Amino acid sequence: MTTVTELAPPAPAKHRADVATALPPARGQSFLKLVVLELRKAVNTRSGRVLIAAIMLLALITIGWQLTHLPQGPAGFDGFLGAASTSVLLLLPVIGVMAMTSEWTQRTALTTFTLSPRRVRVQLAKFVSAIVLSVVVMSVVVALAFAGTALAGAVTDHPASYAGAGGQLAGAYLTVALNVVMGAALGAVIAQTAVAILVYFIAPTAWALAGPELFKDNANWLDVFAAFGRIAERDLHGMLPETLTSLGIWIALPTVVGLWASSRREVK
């Protein structure tokens, strides 16, 4: 006896495209998540941890030196902040360089850009994570500078002074962030860690030394370290065009070129 089920025609098989369209659309990673991931990559590597530890150690050493070499008069917060932030300005930009070059030197670009194909978005997340890391590290160093100033006022005959601390902090944070962005921008352009670090330290220094001899006062138009100094002092000395030009040549231009180059660089 034939059943109803046997008489019914078989259900047509679903086309593969119909099955694919029935799946929920894949959600891309949010920009905040990319920033968090890049922060983790910056501090989870051995080199990143060593650099941050070196920054803190040098900050403690310079604060100790400042405590034992106090000038006449009050123990000013500016002196402790200037001494402690030297290590930040010297070493923290290296982390910015490595953040941009690690995908290419460590051969992780294929994995990273497969998971996040929009390269410019990933590179912008690297820039933001480098700035966030600079703010966090600088905040720890600022706390050490405050502690050093308070300790000097408590254990020596020099009264602690925090005059103008707000402006000093603003200048210090902005200068550190600009240094880190410049390192990251050069890393994005060059994509080789060692070469990018050498260019970061040698090129602006060479111009600062040779520029005044060759171009006299016109060298200020490309002296980025002098521009950083004016920003840190919160006084442009009537040199706003020169300062903006230096920042544009050494920071804005490498950033744009680096983002463009990263979007077109061959992934191996």
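Start by selecting A191: this residue is buried, with a relative accessible area of 5% (buried means under 20% relative accessible area, exposed over 50%, partly exposed in between, with a 1.4 Å probe and protein chains only). You are looking at a predicted model, in which local features need pLDDT of at least 70, side-chain atom pairs count only at pLDDT 80 or more, and totals for chains, interfaces and linings use all residues. Residues are numbered from 1 along each chain as its sequence is written, and side-chain values use heavy atoms, with hydrogens and water left out.

A191 sits in the loop between α8 and α9 (helices are DSSP runs of H or I with at least four residues, strands are runs of E with at least two, and both are numbered from the N terminus). Although A191 is not a glycine, its phi is positive, at about 65°.

Now step back to α8, the helix that A191 follows. Of its 26 residues, 19 are buried, so α8 is largely enclosed by the rest of the structure.

Is K216 buried or exposed? K216 is exposed, with a relative accessible area of 57%. Look for K216 in the loop between α9 and α10.

Next, go to V94 in helix α5. V94 counts as buried, at 10% relative accessibility. Show its neighbours: leaving out residues up to four places away in sequence, V94 touches L51, I197 and F201 (contact means heavy atoms within 4.5 Å). Then pick T193: V94 and T193 are 99 residues apart in sequence, with their C-alpha atoms 8.8 Å apart in space.

Move on to H158, in the loop between α7 (119-155) and β2 (160-161). H158 is buried, with a relative accessible area of 15%. Which backbone oxygen does the side chain of H158 reach? That of G73, at 2.7 Å. Not counting residues up to four places away in sequence, H158 touches several residues, including L70, P71 and A152.

Finish at the largest pocket, where S85, L89, T175, N179 and A232 lie nearest the centre among 21 lining residues. (A pocket is an open set of points on a 1 Å grid over the protein atoms alone, where a 1.4 Å probe fits, with protein on both sides within 12 Å along at least five of seven lines; lining residues have an atom within 4 Å of a point.) The elements that give two or more residues to this lining are α5 (77-105), α8 (165-190), α9 (193-215) and α10 (224-232).

Technical notes. A polar contact is a pair of N or O atoms within 3.5 Å; within protein, one must be able to donate a hydrogen and the other to accept it, and residues adjacent in sequence count only if both atoms are side-chain atoms.
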